[in-house]
Amino acid sequence: MDETCEMKYKVMDSPLGKMEISGCEQGLHGIKLHGGKTPDTGPAEATTPAQQLGGPGAVPEPLLQCAAWLDAYFREPSVLEGLPVPVLHHPIFQKESFTRQVLWKLLKLVKFGETVSYQQLAALAGNPRAARAVGGAMRSNPIPILIPCHRVVCSSGAMGNYSGGVGVKEWLLAHEGSPAGKAARGGGSRAAESWRGALGGTASSQPAGRD
């Protein structure tokens, strides 16, 4: 971690229980789901998550942006495209690596309501044979939900693992209207055109929040 980072930690409510967001003035470092709660209600009946941002001192702008983004994700997903994505400042985004490339492509190309297979995501990151390494990158994701590792599923149609628990993954996909456990095959999802464009182009690999 950069020695200049003065970390702040804030907590907010969500249908999945308490969520802790962490970061500094330079950017967002992490999102943690505490308790691994799986909601009893379906996504359509989920209550509005009342924000409970606590802790001493001023709240850095990246944390405010993250809290607003998460609130919209659970309560009013239709406005997500118009919200700023905070700059990412976790150490994993400070140097070039396959994991960084995978997480960046996932954030930029696989949108709300879409899914991608591990193999497809490996191809997007420049190495179609690295599906297993993509699984490792998902486990290393410090910013779940915002970087949507829950949208990565198996080509076979199996759900695949999730650090927050399979029940949480199923809930998130249902909340987004994605058929749980169905991978996008053969460019069959709405992400297909953006995938093809990315594979043939030279998309930027800079961390998010600078657009």
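**View 1. Helix α1 lies across the sheet strands β1, β2 and β3.** α1 runs at about 150° to β2; axes here are lines fitted to C-alpha atoms, for helices over the stretch in contact, and angles run from 0 to 180 degrees between N-to-C directions. This is a predicted model, so local features need pLDDT of at least 70 and side-chain atom pairs count only at pLDDT 80 or more, while totals for chains, interfaces and linings use all residues. Residues are numbered from 1 along each chain as its sequence is written, and side-chain values use heavy atoms, with hydrogens and water left out. The helices (H or I, at least four residues) and strands (E, at least two) are DSSP runs, numbered from the N terminus.

**View 2. Three strands make an open sheet in the order β1-β2-β3.** Pairing is antiparallel, and two strands count as paired if DSSP finds at least two bridges between them. β1 (8-12) and β3 sit at the edges, each pairing on one side only. From one strand to the next the twist averages 20°. β2 and β3 run antiparallel and are joined by six bridges. Look for M19, which stands opposite L33 in β3.

**View 3. The largest nonpolar core takes in 45 residues.** A nonpolar core is a set of buried Ala, Val, Leu, Ile, Met, Phe, Trp, Tyr and Cys residues joined through side-chain atoms within 4.5 Å. Buried means under 20% relative accessible area, exposed over 50% and partly exposed in between (1.4 Å probe, protein chains only). The members touching the most other members are L70, L106, L121, M138, I145 and L172. At least two core residues each come from β2 (19-24), β3 (27-33), α1 (61-75), α2 (98-109), α3 (118-124), α4 (131-139) and α5 (166-175). Helix α1 gives the largest share, eight residues.

**View 4. Zooming in on I145 and H150, which are in contact.** Contact means heavy atoms within 4.5 Å. Skipping residues up to four places away in sequence, I145 touches L16, M19, L33, W69, L70, Y73, F74, H150, Y162 and L172. H150 is in the loop between α4 and β5 and counts as buried, at 0% relative accessibility. Leaving aside neighbours within four places in sequence, H150 also meets a set of residues that includes Y73, Y162, K169 and L172. L173 and E176 are among the contacts of H150 too.

**View 5. Ring pairs link W69, Y73, F74, F112 and W171 into a cluster.** Rings of Phe, Tyr and Trp (its six-membered ring) pair if their centres lie within 6.5 Å; planes under 30 degrees apart count as stacked, over 60 as edge-to-face and the rest as tilted. The structure holds four aromatic pairs. Y73 and F74 are an edge-to-face pair, because their ring centres are 5.1 Å apart and their planes stand at 85°. Y73 is buried at 0% relative accessible area, and F74 is buried at 6%. F74 also pairs with W171: the centres are 6.2 Å apart and the planes at 45°, so this pair is tilted. That pair ties together distant parts of the chain, with F74 in helix α1 and W171 in helix α5, 97 residues apart. W171 is buried as well, at 5%.

View 6. A salt bridge is a side-chain nitrogen of Lys or Arg within 4 Å of a carboxyl oxygen of Asp or Glu, and the structure holds five of them. R75 is partly exposed, with 42% relative accessible area, whereas D71 counts as buried at 10%.

**View 7. Two further salt bridges involve E96 with R100 and R151 with E176.** In the E96 and R100 pair, the closest N and O atoms are 2.7 Å apart. E96 is exposed at 56% relative accessible area, but R100 counts as buried at 6%. For R151 and E176, the closest N and O atoms are 2.8 Å apart. This pair links distant parts of the chain, 25 residues apart: R151 is in the loop between α4 and β5 (152-153), and E176 is in the loop between α5 and α6 (192-200). R151 is buried at 5%, and E176 counts as buried at 7%.
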